[in-house]
Amino acid sequence: VQLQASGGGLVQTGGSLRLSCAASGSGFHLNVMHWYRQAPGKQRELVGSITSGGPATYTESFKGRFTISRDDPKNLMSLQLNSLTPEDTGVYYCNVDGRILPTWRPFNSWGQGTLVTVSS
């Protein structure tokens, strides 16, 4: 299963971006999907997670301005970023825990990351 993250770019302070993560391949079930952020010089941190059909949960520091959603029929997950500040600059990664069909073997896959740069 491959994940492709997209939607990053350069945005001014206060602006918004919508990131997408598309899963491709055959014979899989996506269970929990996650967004992570790695700011320059810092460790990768969890933004939030979303289960199939369930609400998203967020790390406390990301609550309020970021919204995670998913479209299961399209194997897509999105991350809406609002009121961006330079501190939001970083590479945003998607990650998924799922199962390979028909064996139900678990897998974990990472996307390549998409860069968000917020200018002051």
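Me: Strands here are DSSP runs of at least two residues, numbered from the N terminus. Where does Asn75 lie?
Reply: In this predicted model, Asn75 lies in the loop between E7 and E8.

Me: What is its phi?
Reply: Asn75 has a positive phi of about 55°, though it is not a glycine.

Me: Is Asn75 buried, partly exposed or exposed?
Reply: Its relative accessible area is 24%. Buried would need under 20% and exposed over 50%, so Asn75 is partly exposed.

Me: And Ser83, where is that?
Reply: Ser83 is in the loop between E8 and E9. It is not a glycine either, and its phi is positive at about 50°. With 42% relative accessibility, Ser83 also counts as partly exposed.

Me: Switching to E3. Which side chains point to which face?
Reply: In E3 (residues 17-24), Leu17, Leu19, Cys21 and Ala23 point to one face and are buried.

Me: What does E3 pair with?
Reply: E1 (residues 2-6) pairs with E3 in the antiparallel sense over five bridges, with Ala5 opposite Cys21. E8 (residues 76-81) also runs antiparallel to E3, joined by six bridges. There, Leu17 stands opposite Leu81.

Me: What else does Leu81 touch?
Reply: Beyond its neighbours within four places in sequence, its contacts include Leu19, Phe66, Tyr92 and Val116. Leu81 is also among the residues with the most contacts inside the largest nonpolar core, which has 27 residues.

Me: Where's the cis peptide bond?
Reply: Between Leu101 and Pro102, with omega about 0°. Pro102 is in the loop between E9 and E10.

Key:
Residues numbered from 1 in each chain as written. Predicted model: local features only at pLDDT ≥ 70, side-chain atom pairs only at ≥ 80, totals over all residues. Heavy atoms only, no water. Buried < 20%, exposed > 50% of the residue type's maximum accessible area, 1.4 Å probe, protein only. Helix = DSSP H or I, 4+ residues; strand = E, 2+ residues; numbered from the N terminus. Pairing = 2+ DSSP bridges. Core = buried A, V, L, I, M, F, W, Y, C linked by side-chain atoms within 4.5 Å. Contact = heavy atoms within 4.5 Å.
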